[in-house]
Amino acid sequence: MTRGRFITLEGGEGVGKSTNLQFIKQLLEERGIPFVLTREPGGTGIAEKIRGILLERQEESLTEQAELLLVFAARAQHIQQVILPALQQGQWVVCDRFTDATYAYQGGGRNMNLQTIAWLENTVQGSLRPDLTFVFDAPIEIGMQRAKHRGELDRFETEQLAFFERVRQAYLQRAATDLQRYKIIDASLPLHEVQRQLRSELAGL
């Protein structure tokens, strides 16, 4: 059986990943391609509980190292329970965030050691990497304005603008290292233009 494709959607806050995840779902349905939609952190019962710890504002502050380890704990569960089984069955997996988010948020935003992240990535994932990663990019002010309209901000969304600028730059730097896997999508454009870009890039797969 042919292995399924693994597609990830990345980007900062308010860049439209959730909306475009549904657009990709529609495209796959039109083509009759079996798929799984999922997200990180999360995707399984245990991983969703970890997501709650990571995103909810709590009385006890979460240390940066604990945050990083929790992200990979959730990812380990997600990979073994959802992602690998689906890919092995020939299904496509479309995931809202994956390890690039860790490099961007913990590595870029928190200035954590990239070698530590890489070691955890290799330990938890082995050779698993996305086949295609869409990086939705927009000026920070635009993304944060959109995020504020979604309701109460989570623990990450309350960070300072400088944090999000570091996140954005980390994404762009990673995208520049592999132009085959990463496709930068200008998320500041009107939605129909964004989706035209997505349709064009997915046609290649």
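A crossing of two helices is called right-handed if the near helix is turned clockwise from the far one by less than a right angle, and left-handed if anticlockwise. Helices here are DSSP runs of H or I with at least four residues, numbered from the N terminus.

What you see is a predicted model, where local features need pLDDT of at least 70 and side-chain atom pairs count only at pLDDT 80 or more, while totals for chains, interfaces and linings use all residues. Residues are numbered from 1 along each chain as its sequence is written, and side-chain values use heavy atoms, leaving out hydrogens and water.

Take H3 and H5 to begin with. Helix H3 covers residues 64-88, helix H5 covers residues 114-125, and their axes come within 10 Å, crossing at roughly 20°. Axes are lines fitted to C-alpha atoms over the stretch in contact, and angles run from 0 to 180 degrees between N-to-C directions. H3 and H5 are therefore roughly parallel, the word for angles under 35 degrees. Their crossing is right-handed. On the H3 side, Leu-68, Leu-69, Phe-72, Arg-75, Ala-76 and Ile-79 are in contact (heavy atoms within 4.5 Å) with Thr-116, Ile-117, Leu-120, Glu-121, Val-124 and Gln-125 of H5. By class, that is 8 nonpolar, 2 polar and 2 charged residues. Nonpolar means Ala, Val, Leu, Ile, Met, Phe, Trp, Tyr, Cys and Pro; charged means Asp, Glu, Lys and Arg; the others, Gly among them, are polar.

Now H4 and H7. Helix H4, residues 99-109, packs on helix H7, residues 161-177, at about 135°, with the axes 8 Å apart. The crossing of H4 and H7 is right-handed. Among the contact residues are Tyr-103 and Gly-108 of H4 and Phe-164 and Arg-174 of H7. This contact divides into 9 nonpolar, 2 polar and 3 charged residues.

How values were computed: Helix = DSSP H or I, 4+ residues; strand = E, 2+ residues; numbered from the N terminus. Parallel < 35°, antiparallel > 145°, perpendicular 65-115°, else oblique.
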